[in-house]
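Okay, everyone, let me put this one up on the screen.

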Amino acid sequence: IMTTRKYDLSLYKRGDLLEVPRTLFTHFGIYLGDNRVAHLIPDILPVITKNKSAIAKMVTNNQILINHMDKVCSQPPLDGDEVARRAEKLLGSVTYSLLWYNCEHYVMYCRYGMAISYQTYQVELSHVGLMINRLLDSLCVTLSVKHC
């Protein structure tokens, strides 16, 4: 049985940053109005959804956070129309990269003027910590010292 998810489009304003928590990562998009969302996905250039199931195509669960990054980002958001214009202007001009330019980089540039990804930063930090632990383990084995 397939259920249709309905989203209250009156909650969204042009230029809103939409955040969809998923299992491992969060997916991001910019609401353009008229049930259209611009978002960056792997192996495809930025996408603007064009049909009535636009929000549903971006969302894989029932939770959408609106402008949640406003609380986290040190920069104030740009005007909603400017955010949407930036999102539309980037169509076809950028390529997805998980580490260097993902959906979060895309929406952060559009809304705040800086292409950053907090998720990527967290992953990089965890990898640096893992590499340091491995280096310490290796060094301790070489020196025949027990690792704390």
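Predicted model: local features only at pLDDT ≥ 70, side-chain atom pairs only at ≥ 80, totals over all residues.

So, strand 1 is joined to strand 2 by a hairpin, through four residues. By helix and strand here I mean DSSP runs, H or I of at least four residues for helices and E of at least two for strands, numbered from the N terminus. Strand 1 and strand 2 run antiparallel, paired over five bridges, where pairing takes at least two DSSP bridges between two strands. In that pairing, glutamate 19 stands opposite phenylalanine 28 of strand 2.

Residues are numbered from 1 along each chain as its sequence is written, and side-chain values use heavy atoms, with hydrogens and water left out.

Back to strand 2, which has a partner in strand 3 (residues 36–41) too: they pair in the antiparallel sense over three bridges. Those two form a hairpin as well, with two residues between them, and aspartate 34 in that turn has a positive phi of about 50 degrees. Across the pairing, isoleucine 30 stands opposite alanine 38, and tyrosine 31 stands opposite valine 37.

How covered is strand 2? Mostly: eight of its eight residues are buried, meaning under 20% relative accessible area with a 1.4 Å probe, protein chains only (over 50% is exposed, in between is partly exposed). For the protein chain, buried residues make up 36% of the 148.

Now, aromatics. Searching the whole structure turns up one aromatic pair; to pair, ring centres of Phe, Tyr or Trp (its six-membered ring) must lie within 6.5 Å, and planes under 30 degrees apart are stacked, over 60 edge-to-face, the rest tilted. Here tyrosine 12 and tyrosine 31 have ring centres 5.3 Å apart and planes at 45 degrees, so we call the pair tilted. It links distant parts of the chain: tyrosine 12 is in the segment before strand 1, tyrosine 31 is in strand 2, and they are 19 residues apart. Tyrosine 12 counts as buried at 9% relative accessibility, and tyrosine 31 does at 4%.

Next, the flagged site. Which residue does UniProt list for "active site"? Cys103, from an unreviewed entry, and bear in mind that such annotations may be inferred rather than shown by experiment; positions are in the numbering used here and feature names are shortened. Cysteine 103 is in helix 3 (residues 103–112), and it is buried, with a relative accessible area of 7%. Leaving aside neighbours within four places in sequence, cysteine 103 contacts Thr26, His27, Phe28, Leu40 and Tyr96, with contact meaning heavy atoms within 4.5 Å.

Last thing, how far do we trust it? The mean pLDDT of the protein chain is 75, with 61% of residues at 70 or more; pLDDT is the predictor's confidence in each residue, from 0 to 100.
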